[in-house]
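Here is a short briefing on one chain. Look over the sequence and the fold, then read on.

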Amino acid sequence: MPHHKTALRLVAPVAVLALALTACGGGDDKADAKSPDTEKAKVFPSPEPASGGELGKGESATGKVAEDPGEVTYDVVAQKVELGTEAEAAKAVSEPDKVKGKVLAVAHVKYTHKSGPALTDGTDVNDGTTVFADGQRGSVLIGASEDGAGCEDPYDVESWKQGESHVFCETYVIPANAKSVEVHWSEEDGEPYIWKFPNA
């Protein structure tokens, strides 16, 4: 089942953490020679996120997915985003008026099976993938052919063993004038890992 996260989820933990640090700054009103912020940082070090965050080009994320027959750990890396034309977007949908000023964005994501049972009947690893443009989630193009050049169909993967990799693609509709395209991937209930493709 797809997991779609918004940028607001990234902001919330930071806001809560900032409020927690502010609330712990009590004590008397007398000035102290030591910086209160320095003292608080020693007592409340910034926690590393359990999952999620921005990654550089070519950097991979590691995450777990509940598969059939069991949990599998994957290395995931967004390789590229291919942008189409407005004409291609109009041809790809049944109601071309709904995609005026928009283009297709095809995210190529490589998944490597790191540990866990071998898969024999498809995979759900790509369900956590979404495409954003200028901070807004694009519209997924349901029924798009995901087996174009360089892409594999996840439902055709009948045998996937540890150490093997596959590239799956997700097609979204985004504004034609987008300055930045992001590929997000997240574990179930996890924060998204984000790869940015400026002027993709």
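Which residue does lysine 98 meet in a salt bridge? The partner is glutamate 95, with N and O 3.5 Å apart. A salt bridge here is a side-chain nitrogen of Lys or Arg within 4 Å of a carboxyl oxygen of Asp or Glu. This is a predicted model, in which local features need pLDDT of at least 70 and side-chain atom pairs count only at pLDDT 80 or more, while totals for chains, interfaces and linings use all residues. Residues are numbered from 1 along each chain as its sequence is written, and side-chain values use heavy atoms, with hydrogens and water left out.

**Overall layout**

- The chain holds three helices and 10 strands. Helices (H or I, at least four residues) and strands (E, at least two) are DSSP runs, numbered from the N terminus.
- In sequence order the pattern is α-α-β-β-β-α-β-β-β-β-β-β-β.
- Of the 200 residues in the chain, 37% are buried. Buried means under 20% relative accessible area, exposed means over 50%, and partly exposed lies in between (1.4 Å probe, protein chains only).
- Accessible areas come from the Shrake-Rupley method with a 1.4 Å probe, and for residues only the protein chains shown count as cover.

**The five-stranded sheet**

- Five strands form an open sheet with mixed pairing, in the order β1-β10-β9-β5-β6. Two strands pair if DSSP finds at least two bridges between them.
- β1 (53-55) and β6 (136-137) are the edge strands. Each has a single partner strand, so one side of each has no neighbour in the sheet.
- β5 (residues 129-133) runs antiparallel to β9, and five bridges join the two.
- Valine 131 has valine 183 of β9 as its bridge partner. Alanine 133 stands opposite valine 181 in β9.
- On the β10 side, β9 pairs in the antiparallel sense over six bridges. There, serine 180 has proline 198 of β10 as its bridge partner.

**Strand β9**

- β9 is mostly covered, with six of its six residues buried.
- In a regular strand the side chains alternate between the two faces of the sheet.
- Ser180, Glu182 and His184 point one way from β9. Val181, Val183 and Trp185 point the other way.

**Salt bridges**

- The structure holds five salt bridges.
- Lysine 98 is exposed because its relative accessible area is 59%.
- Glutamate 82 bridges to lysine 80, with the closest N and O atoms 3.2 Å apart. Both are partly exposed: glutamate 82 has a relative accessible area of 37%, and lysine 80 has 38%.
- Glutamate 182 bridges to lysine 196, with the closest N and O atoms 3.9 Å apart. This pair links distant parts of the chain, 14 residues apart: glutamate 182 is in β9 (residues 180-185) and lysine 196 is in β10 (residues 193-198).
- Glutamate 182 counts as buried, at 12% relative accessibility, whereas lysine 196 counts as partly exposed, at 40%.
- Through salt bridges that share partners, Glu54, Glu182 and Lys196 form one network.

**Negative surface patch**

- Asp68, Asp121, Asp124, Asp156 and Glu158 gather in a patch of negative charge on the surface.
- Patches are made of residues with over 30% relative accessible area and no salt bridge; like charges are joined within 9 Å, and nonpolar side chains (Val, Leu, Ile, Met, Phe, Trp, Tyr) within 5 Å.
- Asp and Glu count as negative and Lys and Arg as positive, while His and the chain ends are not counted. The place of a charge is taken as NZ of Lys, CZ of Arg, CG of Asp or CD of Glu.
- Aspartate 68 sits in the loop between β2 (61-66) and β3 (71-83). At 62% relative accessibility, this aspartate 68 counts as exposed.

**Positive phi angles**

- Aspartate 134 is not a glycine, yet has a positive phi of about 50°. Aspartate 134 lies in the loop between β5 and β6 and is partly exposed, with a relative accessible area of 42%.
- Aspartate 189, also a residue other than glycine, has a positive phi near 65°. Aspartate 189 lies in the loop between β9 and β10 and counts as exposed at 65% relative accessibility.
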